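Subject: Structure handover

Hello,

Here is the structure I promised to pass on. Please open it first, then read my notes below.

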Amino acid sequence: MEVEKYLTDATLEVFSSMVFIDITAESPTEDPAQAIQPNLSSLIGFAGDLKGILAIHCPAAVAMGITTSMLGMEVAALDEDVKDAIGEIANMVAGGLKAGLATENKKIELAIPTTVVGKSIHTSGLSGATRVVLPFFSPLGRFGVELRFIHS
Amino acid sequence: MNSFAEINDKLIESTIEIFTGMVMMEISVAGGPLESMGPLKNSITGMVGLAGTHKGVLAVHFPKQVALAVTSSFLGMEVEEINEDVQDAIGEIANMLGGNLKTILSDRGRDIHLSLPSTIYGDEYAFSSQAEVDQVILPFQAPTGLFYVEVELEH
C-alpha cells in the first residue's frame, strides 16, 4: 500500500488544479504538526477497509494565503471563508486518497470535514494507529498533511 | 432521516447510559440544545467521523477539569494533566457515543461506519464544520462542571 504516495499526489493535484499555488513535498519528519504550530487544522474522518482521520495543519498566514488564492478574494482573518476553504482542501485530499486506495481495491468512505481554529492547538489520535505526517513547502510557508489509520 | 428532536432524546439517553455504566459518573442534562458555542477555553474535544448512509461528526467537548475527573473515574487512576491517558479516554468516549449515534440513525447501525476517534486540545480554540450541516449541541452537567455533546450531520 502506497499511502504516502497517494497523499502526496492528491495534495499536489489539489494545489495545482484548485488552489493555484506551487508547492513542493518535503521529506516526512517526526512531528511537523507540532513544528508547524498550526493555528488552523481541518480534519476529516474516513471508514471502510481502512479507518482513520486525515488532517491539514496550517499556520494562520498559510491558511489565509491559500484561501486568497483559491477563492480569489482577500482575507484578513481566520474567518468562515478560510475554514471552508481549508475544510474543502481536506475533503479533496481525502477524495484523492480514496481514489488511490481504490486502485488497490480498498474502499473507504468519507465523513465531513471539521475545522479547528485556535492558539497552540494540539491534535492526537488513539495510540496504536499508523501515522504519516507529510510537510509541504509553499511560498507562504510550510503546512502539514497528516494521516492516521488502522486496517479494519 | 429522523428528526433532530427524536435524535436528541435518544442521544441524551445514551450519553447518560455511557456515563453511568462505563465512566461511573452521574450526569444530567443541563438545559435545552444550544444553537452554537463560543470558543472553547482550556478544553479537550474528542471527535469521531461518521461515513456511509449518514455523513457527519460527533464531538464531545470537556473543559480541562471535567476531562481530568472523567478520565480518573473512567480509568480508575488519578490524572493531573492532559496526557495520553486523558486523550485516549476522551477519544474512547467519543467513540462510544459515536457507536450509539450509529444505532440511533440506522437500524442496528448498518451502513454507517465510524472513523478513528481523534482529540483536540488547547488554550483556546473554536470548532466548526462546513455550512451545509444540521447541528445540535447538548449540554450536560457533571459533578465538576458542564460538558457538551455535539452532532453535525450532512443534509
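How many residues does the contact take from chain A and from chain B? Chain A gives 34 residues and chain B gives 32 residues. Keep in mind that this is a predicted model.

**The interface**

About 2700 Å² is buried between chain A and chain B. Carbon and sulfur atoms give 56% of that area. On the chain A side, the residues that lose the most area to chain B are Ile112(A), Ser124(A) and Leu126(A). Together they make up 23% of what that side buries.

Polar links are also there. Eight residue pairs are in polar contact between chain A and chain B, with both residues at pLDDT 80 or more. The count of salt bridges between the two chains is one. Its partners are Lys119(A) and Glu124(B), whose side chains meet at 3.8 Å, N to O.

Which elements of chain A supply at least two residues each to the side that touches chain B? They are β2 (40–48), β3 (50–58), α4 (80–102), β4 (108–110), β5 (114–119), β6 (122–125) and β8 (141–151). The largest share is six residues, and it comes from β5(A). By class, this side of chain A has 15 nonpolar, 12 polar and seven charged residues.

Six bridges join β5(A) to strand β5 of chain B, residues 118–129. The two strands run antiparallel. One bridge to look up is Thr115(A), whose partner in β5(B) is Ser128(B).

**Chain A on its own**

Chain A has four helices and eight strands. From the N terminus on, the order is α-β-α-β-β-α-α-β-β-β-β-β. The C-alpha trace spans about 40 × 30 × 30 Å along its principal axes. The radius of gyration of chain A is 14 Å, which agrees with a compact globule, because one of 152 residues would have a value near 15 Å.

**Salt bridges**

Over all chains, the structure holds nine salt bridges. One inside chain A deserves a look: Glu26(A) with Arg142(A), closest N and O atoms 2.9 Å apart. Where do these two residues sit in the chain? Glu26(A) is in the loop between β1 (24–25) and α2 (32–36), whereas Arg142(A) is in strand β8. They are 116 residues apart, so the pair links distant parts of the chain.

Best regards

How values were computed
Residues numbered from 1 in each chain as written. Chains lettered and ligands numbered in written order. Predicted model: local features only at pLDDT ≥ 70, side-chain atom pairs only at ≥ 80, totals over all residues. Heavy atoms only, no water. Contact = heavy atoms within 4.5 Å. Buried area = accessible area lost by both parts, 1.4 Å probe. Salt bridge = Lys/Arg side-chain N within 4 Å of Asp/Glu carboxyl O. Polar contact = N/O pair within 3.5 Å; in protein donor to acceptor, adjacent residues only side chain to side chain. Nonpolar A, V, L, I, M, F, W, Y, C, P; charged D, E, K, R; others polar. Pairing = 2+ DSSP bridges. Rg over C-alpha atoms; globule rule 2.2 N^0.38 Å.
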